[in-house]
Structures are given as structure tokens and as C-alpha cells.
Amino acid sequence: MHIVSYPIRTFKITTVCYHTHMSTLVDNKKVHFNYEITDTFEAGIELVGHEVKSLKKSQGSLDGSYVIIRGAEAFIVGMFVPPYQENNTPEGYEARRNRRLLLGTKEIQELANLEGEKGLTIVPISVYNKGSLIKVKIGIAKGKKQYDKRETIKKRETDRTVRREFRDR
């Protein structure tokens, strides 16, 4: 009887973990106060290199911006992205230029149909990064009336007082 030994092979198994860490870069703070959001979409955005750097430093603003559909393309209008470095900015750079949104054709068609309805508009909610990509969260919104805004303020104040009461106990 003899023992046959076989060489043991060890395999180094490496796992690649793709983190989908999402951090909000720019937020439209007034959108939930001025509008009632019914549906949301995630869209990519076409940017120039220094605009990406500027947004990753959380510079920029979505105040007063909205989304339009022209032809088979969606554009964000009125989004402010300041230059990353003032001295190295290309000539003729516009901080409030229209930027193309990257959506599928079915999504664009759905947004175009909803945009045509009376009282509905498409507004950007936030800009965030998903991995190494920059995304825009857009929403179908219906404008609130003045009494709805007052109701929102009252609800917020009552929630604050309740939280204060619990905290003080």
C-alpha cells in the first residue's frame, strides 16, 4: 500500500465590489414646497469636464430650472454650474446653458406626453453621483396653490413642536 500525494492548488479568489454609493451634490430645496411631485425619473446629464469637477465640489444651483422636451431629446434649462477655476475657464462658457439629459426613448416619450398635460411640469429635484456617473433626479410636478403652501408650513411647525416636546421630556 502506498500513498499518492497530489499537489494542492490554491486559488486566490478576488471579489470585485462595485459600490453604488450615492451622495447628493446639488439639491433643489424649494421643489417640495412649490410643487407636488407625482413621479420621478433618473437621468444622466451631458457635462463638460470642468463642470463635473464643479458639481463634485457641490457648487451649482437648480433654483428656477426646469426640463423641456424638444424633438426626441430632453434638456435641463436654467441650471447654474459655475466654472471650476475662474482663470482656466474656456472662452464663451455659459454657466446657465441648456444641458442635454440622457434618457431612453420610451422615457422621453412618456415625459413628452406628461409635459403636454395642463398643469404639469418637469422639474429637477437633485443632482447626485452614482458610482462615477453624475445623475439628475427629475420629477413630474403639479404646482401647489397658496393655501396648500400654508398647509405645508402649518404641518411642518406642528411636527417641530411635537419633536421639541418629546426631546424636552
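1. In helix H3, the residues Ile108, Leu111 and Leu114 are buried. They cover an arc of only 130° around the axis, which puts them on the same side of H3. The model discussed here is a predicted one.

2. The buried residues of H3 pack against S2, S3, S6 and S7, and also against strand S4 (73-77), whereas Thr105, Lys106 and Gly116, on the other side of H3, are exposed. The length of the helix can be checked as well: at 1.5 Å a residue, the 12 residues of H3 (residues 105-116) should span 16 Å, and the end C-alpha atoms are 17 Å apart, which agrees.

3. Among the strands that H3 packs against, S2 (residues 35-45) runs antiparallel to S7 (residues 133-143), and 9 bridges join them; within this pairing, Glu42 has Lys137 of S7 as its bridge partner. S7 also pairs in the antiparallel sense with S6 (residues 120-130), over 10 bridges, and here Val123 has Gly139 as its bridge partner in S7. The hairpin of S6 and S7 has 2 residues between the strands, and Gly131 takes a positive phi near 70° there.

4. Val123 is also one of the residues in contact with Ser65, together with Val77, Gly78, Met79 and Pro124, once neighbours within four places in sequence are left aside. Ser65 lies in the loop between helix H2 (49-56) and strand S3 (66-70), yet Ser65 is buried, with a relative accessible area of 6%, and the side chain of Ser65 reaches the backbone oxygen of Leu62 at 2.6 Å.

5. Of the 5 salt bridges found in the whole structure, one joins Arg97 to Glu51, with the closest N and O atoms 2.8 Å apart. Because Arg97 lies in the loop between S4 and strand S5 (99-102) and Glu51 in helix H2, the pair ties together parts that are 46 residues apart in sequence. Arg97 is partly exposed, at a relative accessible area of 24%, while Glu51 is buried, at 0%.

6. Arg100 is partly exposed at 30% relative accessibility, and Glu73 is partly exposed at 31%. Salt bridges with shared partners join Glu46, Glu73 and Arg100 into one network.

Technical notes. Residues are numbered from 1 along each chain as its sequence is written. This is a predicted model: local features need pLDDT of at least 70, side-chain atom pairs count only at pLDDT 80 or more; totals for chains, interfaces and linings use all residues. Side-chain values use heavy atoms; hydrogens and water are left out. Helices (H or I, at least four residues) and strands (E, at least two) are DSSP runs, numbered from the N terminus. Buried means under 20% relative accessible area, exposed over 50%, partly exposed in between (1.4 Å probe, protein chains only). A polar contact is a pair of N or O atoms within 3.5 Å; within protein, one must be able to donate a hydrogen and the other to accept it, and residues adjacent in sequence count only if both atoms are side-chain atoms. Contact means heavy atoms within 4.5 Å. Two strands pair if DSSP finds at least two bridges between them. The expected span of a helix is 1.5 Å times one less than its number of residues. The arc is that of the directions from the helix axis to the C-beta atoms. A salt bridge is a side-chain nitrogen of Lys or Arg within 4 Å of a carboxyl oxygen of Asp or Glu.
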